[in-house]
Amino acid sequence: MPHTSAPVHSAQHRNEVVLGVDTHKDVHVAAILTSMGALLDSRGFPTGPDGYAQLLAWARSFGELHRAGVECTGSYGAALARVLAAEGVEVFEVSQPDKAERRRRGKSDEVDAEVAARAVLSGRATAIPKSGDGPVEMARLLRRAKESAVKARTQAINQLRAALVVADPDLRASFDGLGPKTLIRRCAELAVGPVADVDSTTLYVLRLLATRVQSLSQEINALEQLLEEIIRRHVPALLERVGIGPDTAAALLVTAGDNPQRLDTEGSFAALCGASPVEASSGKSQRRRLNRGGDRQANAALYRIVLTRLRWDDRTRQYLQRRTTEGKTRREVIRCLKRYVAREVYSIIKKATADHPPAPA
């Protein structure tokens, strides 16, 4: 019988290993599998540049490393995912093991790391994580800071109004009928003496809260300006569309990430925004239901865009009237419009990324 040589790539395939990582704040636990699914080893590594270098060298000591499954690539595993991608390793986002799997095998960091590697090996893990190294990540950080500042300002305003409710009647009467901005300004201008009794303490607290509100307002305005500048540099066409402002644009950009090419189609982006219909057919009943998954902040941004267009855009109002005549409810029409807006936004983001690829921050 003639001897047939093995394919050239078979030796490389046998030498390939797959990495799985269960990420935590201080320690990442890694597991290595062969291409046939055999567990070679598992070990913990400290977070930080030295720990990431040790993890990568340890994994490569077992063979050729081309694929890795990492949990929590948007939080604890973000830095490790960037390091692995920079080293030419294809990184996949891995969800936590399902409850049935945990009941069967138990719960430990080593088991979770092994499950992450097996998810990549079996092809179940296909999601590519966000790169988090460009203008979208900058917008995300600014938006988070602005949200916390707005929340703190609202809390300070509510505390100021609550302090006025129980204040001396003469003091409270002096602020009756004032608008929000005038009320804050007048409270910030109060003359405060030594804190000796309830009335002097009330004056002190009112001025303290009013100056806090003013400081937070300045902080919010500065963050809004920076956010708009980043979006205009990155995707200026997005702000030119009806109903899309800096806040809604930032929410949608964050969902797409700095590497929107990881999304195969505009349907993938719509699914991430929770705007894609989900099949709910059974037997003779053929229907679709609302998608309750996805990024709810992006879904809320699509909703605000649709409401604005229903008020100011003639084409959107005509669409609402036509679909209502066909028997659709206003709620169903809004769901359709959210899907159309998601398609429009995706095309703008993809075109902007293709014309101006984002440079690493």
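Visitor: How do you know that S2 is joined to strand S3?
Guide: Seven bridges join S2 to S3 (residues 39–46), and the two run antiparallel. Strands pair if DSSP finds at least two bridges between them, so with seven, S2 and S3 count as paired. One spot to look at: leucine 33 stands opposite leucine 39 in S3. This is a predicted model, where local features need pLDDT of at least 70 and side-chain atom pairs count only at pLDDT 80 or more, while totals for chains, interfaces and linings use all residues. Residues are numbered from 1 along each chain as its sequence is written, and side-chain values use heavy atoms, leaving out hydrogens and water.

Visitor: What joins strand S1 to S2?
Guide: Six bridges, again antiparallel, with S1 covering residues 16–22. Six also meets the cut-off, so S1 and S2 are a pair. Aspartate 22 stands opposite valine 29 in S2. S1 and S2 form a hairpin with four residues between them. The hairpin of S2 and S3 has four residues between its strands too, and there glycine 37 takes a positive phi near 95°. As for the labels, strands (E, at least two residues) and helices (H or I, at least four) are DSSP runs, numbered from the N terminus.

Visitor: Why is S2 called largely enclosed?
Guide: Seven of the eight residues in S2 (residues 27–34) are buried, so the rest of the structure largely encloses the strand. Buried means under 20% relative accessible area, exposed over 50%, and partly exposed in between (1.4 Å probe, protein chains only).

Visitor: What makes lysine 146 and aspartate 247 a salt bridge?
Guide: Their side chains come to 2.7 Å, N to O. The rule asks for a side-chain nitrogen of Lys or Arg within 4 Å of a carboxyl oxygen of Asp or Glu, so the pair qualifies. Lysine 146 sits in helix H6 and aspartate 247 in helix H11, 101 residues apart, so to speak a link between distant parts of the chain. Together with Glu224, these residues belong to a network of salt bridges. The whole structure has 17 salt bridges.

Visitor: Why is lysine 146 counted as buried?
Guide: Its relative accessibility is 8%, so lysine 146 falls under the buried cut-off. Aspartate 247, at 33%, is partly exposed.

Visitor: What makes glutamate 326 exposed?
Guide: Glutamate 326 has a relative accessible area of 51%, so it passes the exposed cut-off.

Visitor: Where is the largest pocket, and which residues lie nearest its centre?
Guide: Look for Gly74, Lys130, Glu137, Arg140 and Val254, which lie nearest the centre among 30 lining residues. H6 gives the largest share of the lining, six residues. A pocket is an open set of points on a 1 Å grid over the protein atoms alone, where a 1.4 Å probe fits, with protein on both sides within 12 Å along at least five of seven lines; lining residues have an atom within 4 Å of a point.

Visitor: What volume does the second largest pocket have?
Guide: About 390 Å³, while the largest pocket holds about 860 Å³. The lining of the second largest pocket has 14 residues, with Pro277, Arg288, Glu332, Arg335 and Cys336 nearest its centre. Volume here is the space filled by probe spheres set on the points, which are joined across faces, edges and corners.
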